[in-house]
Amino acid sequence: ARRKRLLLRSDQGVHCIAFSVDGKTLAISHGGTRLWDVASGKHIQSPLDSFPAHCVGFSADGKLVGTAAWWGARVWELQGHREVLSTPDSSFCLTFSPDGRTLATGGRDGTVSVWDIPSRTRVADLHGHTNWIWSLAFPPDGKTLASGGRDKTVRVWDLERARDSDQVPVKGNLWSAVGPGGNWRTPVAFSRADSTALLAAA
């Protein structure tokens, strides 16, 4: 198959990128966050916001797109771009639960926050990290949440009891990255087939 090349010119630099699950939409933060149609190579409507984001990601059902930035996290519907959630906390990373109803964010104060998207409310603050949170991941069953940070630990949180059930020390800091094929990956990731299989890369 012939590869498609999308050339983006920006004097502000590219901060982060993410493909939607179906690969049809690309989100790029370069100054502001803008959505691109992969097939045509053209941007979709106006930018979602006008500020650079640390992280951008899509929900698994492809209905939502979110950004994490110094001034908070924001979530929009992919169709129509209606904002459905805005958080006040400085955030470095975010991830959606498998059903797309919950958002987890992590910031520089070491707190992992869990948000219910339909009601736009914070349902839990998870404390345990002692430094910035760089990466987050839900397993397929959505019952737990993994977080990795600058304090060189990975924590696995029991969301029903809002506390960490396991802590794993690692060598080095955990950073988000873009994996092969353009799929959004993080250094903490669960196996899609097994909610108990966790990989942490440093």
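This is a short walk through the structure shown above, for anyone seeing it for the first time.

Hello everyone. Please keep in mind that this is a predicted model. The average pLDDT for the protein chain is 80, and 74% of the residues reach at least 70. One stretch calls for care: residues 172–186 have a pLDDT below 50, although the model gives this stretch 39 contacts beyond near neighbours in sequence. Where pLDDT is low, the predicted coordinates should not be read in detail.

Let's take the whole chain next. What does its secondary structure come to? There are 20 strands and zero helices. The protein chain has 202 residues, and 46% of them are buried. Its accessible surface is about 10800 Å², with 49% of that belonging to carbon and sulfur atoms. If we take contacts between residues at least 6 apart in sequence, 35% of them join residues at least 24 apart.

Now let's go inside. The largest nonpolar core has 12 residues, among them Cys55, Leu64, Val84, Leu103, Trp115 and Ile117. Which strands each supply at least two residues of this core? They are β6 (64–69), β7 (72–77), β8 (83–86) and β9 (93–96). Beyond its neighbours within four places in sequence, Leu103 touches several residues, including Ala73, Val75, Leu85, Leu94, Phe96 and Trp115. Thr95, Ser113 and Val114 are also in contact with Leu103.

A search of the whole structure turns up zero disulfides. For Cys55, the nearest cysteine sulfur belongs to Cys16 and is 6.1 Å away. For Cys93, the nearest one is that of Cys55, at 6.4 Å. Because its relative accessibility is 3%, Cys55 counts as buried. Cys93 is buried too, with a relative accessible area of 1%.

On to the charged residues. How many salt bridges does a search of the whole structure find? It finds five. In one of them, Arg74 pairs with Glu83, with the closest N and O atoms 2.5 Å apart. Both partners are partly exposed: Arg74 has a relative accessible area of 23%, and Glu83 has 25% relative accessibility. In another, Glu77 pairs with Arg82 at 2.9 Å between the closest N and O atoms. Glu77 is partly exposed at 26%, and Arg82 is partly exposed at 47%. Then there is Asp125 with Arg122, where the closest N and O atoms are 3.1 Å apart. Through salt bridges that share partners, Asp89, Arg122 and Asp125 form one network.

Let me also show you some backbone details. Most residues other than glycine have a negative phi, and most peptide bonds are trans. His81, in contrast, has a positive phi, near 60°. You will find His81 in the loop between β7 and β8. Is His81 buried or exposed? At 16% relative accessibility, His81 counts as buried. Arg120 also has a positive phi, near 60°, and sits in the loop between β11 (112–116) and β12 (121–126). Arg120 is partly exposed, at 45% relative accessibility.

My last stop is a glycine. Gly148 belongs to strand β14, residues 144–149. With a relative accessible area of 0%, Gly148 is buried. From Gly148 to Ala137 is 11 residues in sequence and 9.0 Å in space, C-alpha to C-alpha.

Technical notes: Residues are numbered from 1 along each chain as its sequence is written. This is a predicted model: local features need pLDDT of at least 70, side-chain atom pairs count only at pLDDT 80 or more; totals for chains, interfaces and linings use all residues. Side-chain values use heavy atoms; hydrogens and water are left out. A nonpolar core is a set of buried Ala, Val, Leu, Ile, Met, Phe, Trp, Tyr and Cys residues joined through side-chain atoms within 4.5 Å. Buried means under 20% relative accessible area, exposed over 50%, partly exposed in between (1.4 Å probe, protein chains only). Helices (H or I, at least four residues) and strands (E, at least two) are DSSP runs, numbered from the N terminus. Contact means heavy atoms within 4.5 Å. A disulfide is a pair of cysteine sulfur atoms within 2.5 Å. Accessible areas come from the Shrake-Rupley method with a 1.4 Å probe; for residues, only the protein chains shown count as cover. pLDDT is the predictor's confidence in each residue, from 0 to 100. A salt bridge is a side-chain nitrogen of Lys or Arg within 4 Å of a carboxyl oxygen of Asp or Glu.
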